[in-house]
Amino acid sequence: HPYARIIKDFYISDSQGASELPRIFGMTASPVDARVDVEKAAMELENLLSCRILTSTDESMTAWQKSKVKKEMIARYAPVGPPFQTPLFNQVMEKFASIKDKDCRKPLIFARQASAELGAWIADEVLKVSFTAEEIAKMKNKVENKFHKKSVTNSQPIAHLNQMLARLDEIEELIRQHPFEEPQYNSSHLSSKVMKLCDYLRERYGNPTEDKGIVFVNQRLTARLLTNLLSHVDIGTPHLRVGSLVGTRTAHGGGEEVSFRSQMLTLRRFRSGEL
């Protein structure tokens, strides 16, 4: 930790006597990491920083903490089934038979997993946002670059490259012409897990409220997909205004680069209650 480095490099190693060192007073609500033994962590911290950890014995000083404690609720939903392949997934997969590039196949891997965790509608939405004209252009560029690098040593026929590029064009056209349905609040479109989330949000935002909430997810693309889902009138409510916050690193498969400025604007809109 930066503060620990400062103490070790410039404070403890100082040649002055301990009585002549400057006295430092630090305030924090959580001086140690609660995931380890608290007494051991406190002792190590005191030794490292040549300090003592103090806390108030006056209960009135900590009364405000008790008043803010929220009850934790556990959501129970029917177990999600195994991953499955939607008709659109099968059509796209057929086109991918001659495309071996792992990066290009990432959206398919994600879509298949999403079919179980999130539902059929979101699984198809993965393909919709991952194989746009812009994303296909990026994939074609990667495929060409990798092909030319390999052809230096393997002498691969150019016809193989042309076939892969043609398949990517066919996938783009397939997605463009596919009649995507509007999401419906039922088990044929959404998983039991997503439907339970919708239940909570509909209850909380069924009427005008100043409440705010954050839904944490494991994948950047999941944040975008849930935002798309909850923005539909048949799924969300007029009082539920959603956005996604995913950081600024580059992502594969429909996870377009997100600028730092746009993420800061999202945070500002959340703080102001616009989202």
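**Salt bridges in a predicted model**

The side chains of Lys 138 and Glu 135 meet in a salt bridge, 3.6 Å from N to O. A salt bridge here is a side-chain nitrogen of Lys or Arg within 4 Å of a carboxyl oxygen of Asp or Glu. This is a predicted model, in which local features need pLDDT of at least 70 and side-chain atom pairs count only at pLDDT 80 or more, while totals for chains, interfaces and linings use all residues. Residues are numbered from 1 along each chain as its sequence is written, and side-chain values use heavy atoms, leaving out hydrogens and water.

Reader: Is Glu 135 buried or exposed?

Author: Buried means under 20% relative accessible area, exposed over 50%, and partly exposed in between (1.4 Å probe, protein chains only). The relative accessible area of Glu 135 is 10%, so Glu 135 is buried.

Reader: By about how many helical turns are Lys 138 and Glu 135 separated?

Author: Helices are DSSP runs (H or I, at least four residues), numbered from the N terminus. Lys 138 and Glu 135 are 3 residues apart in helix α7 (residues 133-154), so their separation is about one helical turn.

Reader: How far apart in sequence are the parts that Glu 117 and Lys 193 tie together?

Author: The side chains of Glu 117 and Lys 193 form a salt bridge of 3.4 Å, N to O. Because Glu 117 lies in helix α5 (residues 102-117) and Lys 193 in helix α9 (residues 192-204), the pair ties together parts separated in sequence by 76 residues.

Reader: How many salt bridges does a search of the whole structure find?

Author: One of them joins Asp 9 and Arg 5, with the closest N and O atoms 3.1 Å apart. For the whole structure, the search finds 12.

Note on methods: Helices (H or I, at least four residues) and strands (E, at least two) are DSSP runs, numbered from the N terminus.
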